[in-house]
Amino acid sequence: MRHLLLVLLLVPAIVFAQHDTLAPEKVPASYVDKIGEKAAFIDKQLDKKTDKLLSSLQKQEERMRRKLARKDSAKAAELFGDTKAKYDGLRDKLSHIQSGSYNASIDTMATSLQFLQQNGIAKDVTQSLDKVKGLQQSFAQAESVQQFIKERRAQLKEQLLKMGWAKELKQLNKQVYYYQSQVAEYKELLKDHKKAEKKALEMLSKTRVFRDFMKRNSMLASLFRTPGQDGNAASLAGLQTRTEINNLIENQLAAGGPAAREQFRNNLQQAQSQLNSLKDKINKAGGNGDVEMPEGFKPNNQKNKSFFQRLEYSTQVQSRKGNGYLPTSTDLGLSVGYKINDKSIVGIGMDYSMGWGHEGIRKIRISHQGIGFRSFVDVKLKGSFWLSGGYEQHHRAEFKRWEELQGRNAWQQSGLIGVSKVVSLQSKVFKKTSIKLLWDFLSYRQVPRTQQFLFRVGYNF
């Protein structure tokens with residue numbers, strides 16, 4: 001949307017250099033391919049999610065129909081009808097849908113490809129352009145599906161509550177919410193421009209010829225005629241200008257007396273405050289205004305993310321101080337956690353203890369002082385505090401060959417439970433710091449007894 005507004009609404013400014021043409025070599029050669037790849041990926045994922053949702057809803061309605069038919073066959077036929085025919089009809093309808101509501105990102109992608117093709121700046125644009133049009137169709141189909149399930153849920157809601165089927169209604173609400181959330185995430189993904197896309201759009205937006213092309217050929221231009229687009233002033237007849245609106249407001253405030261302006265300002269501030277509050281609620285619920293507020297359940301914002309997007313990596317570094325300038329050993333740890341939901345993380349990791357020797361900085365001798373494996377669970381308590389626990393096994397003795405690690409007696413067990421505090425970091429590499437205080441309740445069984453309390457600092461990236 002940002003790039004489209006830049007193209008269509010840019011106010012002419014005095015600049016040192018104004019480009020009217022665009023050299024082909026200034027547009028990244030990979031721009032056309034990157035656009036096609038992005039469109040094809042999102043199109044495939046969106047189609048997969050839509051098919052999965054419709055299949056799931058059809059099975060759910062069929063289960064409810066059979067359940068109700070055992071008690072009241074006439075009511076089941078009235079409420080659910082022929083489930084298969086209904087969803088087959090919907091799928092057939094979706095195959096004929098071509099366009100939906102306006103999407104600024106798709107408009108920018110399609111129009112920029114058309115511009116590059118017509119001006120001979122890029123070749124083999126047709127395939128990428130077809131992929132963008134296919135994505136536009138998929139979003140249109142998604143809109144139709146969302147409208148269908150919204151109406152279907154409204155039809156079933158009252159009847160399901162009357163029959164005491166709150167569990168079935170909750171499941172239906174979840175499916176509707178997560179599908180809407182996934183579609184909204186794909187729309188946001190369109191706005192995430194990689195290096196080649198960003199450079200190409202920046203170069204295009206600086207040229208007058210491209211801005212004029214957008215005014216004449218974009219989807220938005222076909223919906224709203226912009227000033228000077230067709231040279232016909234009659235197309236703007238009846239539209240109020242910003243000056244006319246401002247004058248109208250001023251006249252109304254002047255007629256209301258001295259207190260009217262202050263009242264108008266207070267009302268405006270209250271309206272802005274309420275709007276901001278509503279935006280915050282929407283962001284907490286789903287992060288996008290296209291997503292309805294969840295009904296009867298608390299959403300899991302991790303559900304629509306891929307497996308790798310739900311992984312969280314962390315590293316730990318801890319040294320044991322020696323008598324000289326160097327530490328006697330340094331423990332290096334690496335862990336990977338999987339976010340079950342926004343408040344629960346489970347994971348595994350390993351650590352390695354590297355020795356530095358005992359004779360100071362003049363004679364460093366690196367040795368293997370130990371190795372360990374761990375599993376952990378973190379559950380959010382409140383704010384930045386988490387409940388942490390885990391099970392670990394460590395080989396604390398020095399070893400020179402991997403065969404020395406095979407004896408079970410050389411391994412020590414640890415059962416940990418404690419609290420941790422997470423602190424956000426302003427760093428390009430690390431996102432946050434985790435400070436943990438843990439109690440090893442298995443330390444009393446070890447011979448010799450190991451350390452009871454552990455203090456750890458980890459860095460997430």
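Among contacts between residues at least 6 apart in sequence, what share joins residues at least 24 apart? In this protein chain, that share is 64%. Keep in mind that the model is predicted.

**Stop 1: the whole chain.** The protein chain carries 12 helices and 8 strands. Now colour by burial. Of its 461 residues, 37% count as buried.

**Stop 2: the core.** Select Y31, L113, L116, V132, F139 and I149, and show their side chains. These residues have the most contacts inside the largest nonpolar core, which has 52 residues. At least two core residues come from each of α2 (31–69), α3 (73–80), α4 (83–94), α5 (104–118), α6 (126–162), α7 (166–190), α8 (195–205) and α9 (208–217).

**Stop 3: α2 against α6.** Hide the rest and keep these two helices. Their axes come within 9 Å and cross at roughly 20°. An angle under 35 degrees counts as roughly parallel, so α2 and α6 are roughly parallel to each other. Check the handedness by eye: α2 passes α6 in a left-handed crossing. Then colour the contact by residue class. The contact of α2 with α6 has 18 nonpolar, 6 polar and 6 charged residues.

**Stop 4: α2 against α4.** The crossing of α2 past α4 is right-handed.

Now select the contact itself. On the α2 side, pick L54, S55, L57, Q58, E61, E62 and R65. On the α4 side, pick T83, K84, K86, Y87, L90, R91 and L94. By class, the residues of this α2 and α4 contact divide into 5 nonpolar, 3 polar and 6 charged.

**Stop 5: K339.** Is K339 buried, exposed or partly exposed? With a relative accessible area of 22%, K339 is partly exposed; the buried class requires under 20%.

Show what surrounds K339. Leaving out residues up to four places away in sequence, K339 touches Q302, R310, E312, S344 and I345.

Technical notes
Residues are numbered from 1 along each chain as its sequence is written. This is a predicted model: local features need pLDDT of at least 70, side-chain atom pairs count only at pLDDT 80 or more; totals for chains, interfaces and linings use all residues. Side-chain values use heavy atoms; hydrogens and water are left out. A nonpolar core is a set of buried Ala, Val, Leu, Ile, Met, Phe, Trp, Tyr and Cys residues joined through side-chain atoms within 4.5 Å. Buried means under 20% relative accessible area, exposed over 50%, partly exposed in between (1.4 Å probe, protein chains only). Helices (H or I, at least four residues) and strands (E, at least two) are DSSP runs, numbered from the N terminus. Axes are lines fitted to C-alpha atoms, for helices over the stretch in contact, and angles run from 0 to 180 degrees between N-to-C directions. Angles under 35 degrees count as roughly parallel, over 145 as roughly antiparallel, 65 to 115 as roughly perpendicular and the rest as oblique. A crossing is left-handed if the near helix is turned anticlockwise from the far one by less than a right angle, and right-handed if clockwise. Ala, Val, Leu, Ile, Met, Phe, Trp, Tyr, Cys and Pro count as nonpolar, Asp, Glu, Lys and Arg as charged, and the others, Gly among them, as polar. Contact means heavy atoms within 4.5 Å.
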